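Hi,

Here is the structure I promised to pass on.

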Amino acid sequence: MVLTTMAAPMQEPVLSTPLLSSSATRSSGSISSTTSSEADDSPLSSQRFVVQDVTKYELPCKPLPGFQSYKSLAMLSGHIGSVSCLALCGEFILTASQGKDIIVWQQPDLRQFTKFGQGDGSVKALVTVSNKVFTAHQDSRIRVWKVSRSSENVFKLVDTLPTTKDYLGKFMKQSNYVHTRRHHKRLWIEHADSISCLAVYNGLIYSGSWDKTLKVWRISDLKCMESIKAHDDAINSLVACKGIVYSASADGKIKAWGQQGKTSHSLLGIMEGHNDISLNSVVVSEDGKWVYGGGSDGSVMGWERNGDCVSWKMVSETKAHHMAVLCMCMMGEFLCSGSADKTIGIWKREAYGKLCKVGVINGHEGPVKCLQASPCNVGTGFLLYSGGLDKSIRVWWVPKVQDTS
């Protein structure tokens, strides 16, 4: 493990947060896209990296003069594969990779604390709830880890979804089986392909998969409550906000799902991007009014929610990157986008949901696969964590007051 600390424009932050604090389990941390440089690690019909004509788009408003540039506060090395997802978990940062390993980093010194999950399949997404960590894997399983400081094994595997109890309760009944795309039958509680993303909301875990389904799991007893045939292609990203779950897919659509009763969900609306692109990421503003999707053509599209009739209209379309947008996160009025072009764009939401570019982050030597902004303000800005296919995690400080000189 190598820790490289670079000159920073600020004093080292001291973050004091409880173990797996609930405030650190923001839904946007579950963002994960399926696009990858590994040929054997992508769904059969999803879009690959696509470079489009940059002149096709125009920024909806003029960027601030002189983009802000950023230096990395720290670079964390130790993964044996490309970094696929990360999450902030109280005093810890959890990062996972295609190499099947999950590393726990201690804050604020960013030293490696422990590793867990080796050999359990390439990790695609992870989320935290209370004292548990849920990890989604390429082998179509979700693993549940209990976090305990009192145990020698701080991160202990306690269950796998679907659970044995859930499986045994359904496998005898033929009506519980569904046909998969490979002409095999599986129980409806099982994913038939890699699980690409997870989201948490109101006592439920949502899982999206390359098998095109969205499944709903109850956290209290880990039971699968519902399986939705959600899209016509692989689901790449999920986010939950204000009682609505948004799923972004390689079919070029973002779908909004509303809860009906305790566990069932219904389709509330569809947001469509350009033709022949994959939507790799979706994020929502804290008030639930603005929805943004990142596309395989490098674009970021925005929709405004009409709260009265629960509908959405497209309000912005920005050529954000020269290559595919793989991940996004939001911090207040700022949107951060990570791309296959190895850069991170920093955008500010202006009137009517339009985006103005205020900064660009360079430093990764490969596509940027995951992003997470810290909910803790540090000075006049916030910390941004990024993971890439270069196997590194980097920490950045993003000022909220931009330098316009």
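**What I found**

Of the chain's 405 residues, 59% count as buried (buried is under 20% relative accessible area, exposed is over 50%, and partly exposed is in between, with a 1.4 Å probe and protein chains only). Before you read on: this is a predicted model, where local features need pLDDT of at least 70, side-chain atom pairs count only at pLDDT 80 or more, and totals for chains, interfaces and linings use all residues. Residues are numbered from 1 along each chain as its sequence is written, and side-chain values use heavy atoms, with hydrogens and water left out.

The chain has one helix and 32 strands (DSSP runs numbered from the N terminus: helices are H or I with at least four residues, strands are E with at least two). Take the contacts between residues at least 6 apart in sequence: 52% of them join residues at least 24 apart (contact means heavy atoms within 4.5 Å).

Now for two of the sheets. In one, four strands form an open, antiparallel sheet in the order β8-β9-β10-β11 (two strands pair if DSSP finds at least two bridges between them). Its edge strands are β8 (123-129) and β11 (155-161), each pairing on one side only. Neighbouring strands here are turned by 25 degrees against each other on average, direction ignored (axes are lines fitted to C-alpha atoms, for helices over the stretch in contact, and angles run from 0 to 180 degrees between N-to-C directions). Strand β10 (residues 142-147) runs antiparallel to β11 and is joined to it by six bridges; Arg143 has Thr160 in β11 as its bridge partner.

The other is also an open sheet of four antiparallel strands, in the order β18-β19-β20-β21. Since β18 (235-241) and β21 (264-272) stand at the edges with a single partner strand each, one side of each is left without a neighbour in the sheet. The twist from one strand to the next averages 25 degrees. Six bridges pair β18 with β19 (residues 244-249) in the antiparallel sense, and Ala240 stands opposite Val245 in β19.

Next, the largest pocket, with a volume of about 320 Å³. A pocket, on a 1 Å grid over the protein atoms alone, is an open set of points where a 1.4 Å probe fits, with protein on both sides within 12 Å along at least five of seven lines, and lining residues have an atom within 4 Å of a point. Grid points are joined across faces, edges and corners, and the volume is the space filled by probe spheres set on the points. There are 15 lining residues, and Val178, His179, Asp211, Thr213 and Lys229 lie nearest the centre. β12 (177-179), β16 (213-218) and β17 (223-229) are the elements that give two or more residues to that lining. Two of those names come back with His184, which contacts Val178 and His179 once its neighbours within four places in sequence are left aside. His184 is exposed, at 52% relative accessible area.

Most residues other than glycine have a negative phi, and most peptide bonds are trans. The Gln107 to Pro108 bond is cis, with Pro108 in the loop between β6 (102-106) and β7 (111-116). Leu161 to Pro162 is cis too. Lys212 is not a glycine, yet has a positive phi of about 80 degrees; this residue is partly exposed at 26%. Tyr352 has a positive phi of about 60 degrees and is exposed at 65%.

Cheers
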